[in-house]
Structure formats: structure tokens, C-alpha cells
Amino acid sequence: EDDADGPAADEDEAEREWEVLLTLVHSMRELLRIHSAAIVPTLEAQLLPALDCWLAADGRHRAAALYVLADLIEFGGVDAAKKYTLVALPQLAKAVTLGGADEQVIVAAAAAGLGAVAECGGKLFSRAAVADAAKKLAVLLQAPDARCAAMAERT
């Protein structure tokens with residue numbers, strides 16, 4: 001294989017992998033929307049063991065993991081919201097402050113996660129945490145690229 005084809009082929013493979021990750025995340029989200037808390041034990045057994053690896057991996061895997069946590073918080077019922085808010089908050093707080101172009105997908109996932117925590121996290125999302133998240137989200141929303149089409153990929 002030519003060296004010129006190498007980076008392009010790697011980029012194509014990474015894009016296909018991202019599409020597979022997004023399909024998995026969207027499928028899980030729909031299962032949670034339909035079955036709510038009843039599906040959480042199955043997802044915990046089958047998918048959640050991969051989350052730690054995803055959180056330690058590249059940006060797209062980290063974004064997928066943050067979307068999974070957000071969906072568990074939003075659609076998984078009260079117990080899942082409490083459990084995964086505690087797991088998600090440190091990851092979301094760290095991710096929402098990233099600024100590089102390669103990290104936009106993580107920041108978008110973190111913003112979605114903070115929204116889910118704010119809506120469903122209950123008392124676990126303290127007033128101080130709400131104020132901090134609001135400040136961080138305001139910075140994100142005021143960024144020049146906050147409304148670009150690439151940031152709308154998840155929805």
C-alpha cells in the first residue's frame with residue numbers, strides 16, 4: 001500500500017468506526033426510550049464493561065461513552081440517573097473544558113451529558129455544580145463554531 005493511501009485509508013476506517021459507534025449509541029438510546037429502567041440491567045451486563053475502555057480511548061470513543069452515560073441518566077429511570085450521574089459528572093466536567101478542533105465531538109457529548117444531569121440528576125447535581133456547568137455551557141455556546149453543522153451530528 002502506498003504511503004499516500006495510508007492516511008486516507010486510516011481516516012476512512014476511523015470514519016466507519018465512528019458510524020458504527022454512533023449506530024450502537026443510537027440503538028441503545030432507543031432501547032432506553034422504549035424500555036426505560038427495565039433494559040438497564042441488560043445494558044449494564046452487555047455494554048457498560050466497554051465504557052471504561054472507551055473513556056480511556058480516542059476522542060470519538062470518549063464521546064460515545066459520554067453519550068451512553070447521558071442516555072442512561074435521561075432514560076434509564078431514577079435509580080440509573082442517580083448511579084450514572086455520580087459516574088458521569090467527573091468525566092463531563094473534564095470533557096466540557098476541552099478546546100481543540102479534534103475534541104469538538106467530546107465537548108458536544110459532554111454538553112449533552114450535562115443537560116441530562118441537570119434535568120435528571122436530582123440532588124446529586126448541587127447548586128454549585130449547576131452554576132459551574134452553566135458557566136461552562138455558556139462558554140461553549142458562545143464559541144464561534146458552536147452552531148456549525150458538524151456540531152449537530154448527534155441529533
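H61 is classed as buried because its relative accessible area is 13%; buried means under 20% relative accessible area, exposed over 50%, and partly exposed in between, using a 1.4 Å probe and protein chains only. Setting aside neighbours within four places in sequence, H61 touches E17, L21 and W54, where contact means heavy atoms within 4.5 Å.

A word on what you are looking at. This is a predicted model, in which local features need pLDDT of at least 70 and side-chain atom pairs count only at pLDDT 80 or more, while totals for chains, interfaces and linings use all residues. Residues are numbered from 1 along each chain as its sequence is written, and side-chain values use heavy atoms, with hydrogens and water left out.

Now step back to the whole protein. It has seven helices and zero strands, and 35% of its 155 residues count as buried. The predictor's confidence in each residue, pLDDT, runs from 0 to 100; the protein averages 81, and 77% of the residues score at least 70. Among the elements, helix 2 has the highest mean pLDDT (94) and helix 7 (residues 127-142) the lowest (69). Where pLDDT is low, the predicted coordinates should not be read in detail.

Back to helix 4 and its partner. Helix 4 (residues 59-75) and helix 5 (residues 77-95) pack at an angle of about 150°, their axes 7 Å apart. Axes are lines fitted to C-alpha atoms, for helices over the stretch in contact, and angles run from 0 to 180 degrees between N-to-C directions. Residues of helix 4 including L66, L69 and F75 meet residues of helix 5, among them A81, Y84 and A88.

Helix 5 itself bends by about 40° at A88, and a proline, P90, follows within four residues. The bend at a residue is the angle between axes fitted to the seven residues ending there and the seven starting there. Buried residues of helix 5 include Y84, A88 and L92, and the buried residues of this helix pack against helix 2 (40-46), helix 3 (48-55), helix 4 and helix 6 (104-120).

Finally, look at E30 in helix 1 (residues 5-35). E30 counts as partly exposed because its relative accessible area is 37%.

Definitions and conventions: Helices (H or I, at least four residues) and strands (E, at least two) are DSSP runs, numbered from the N terminus.
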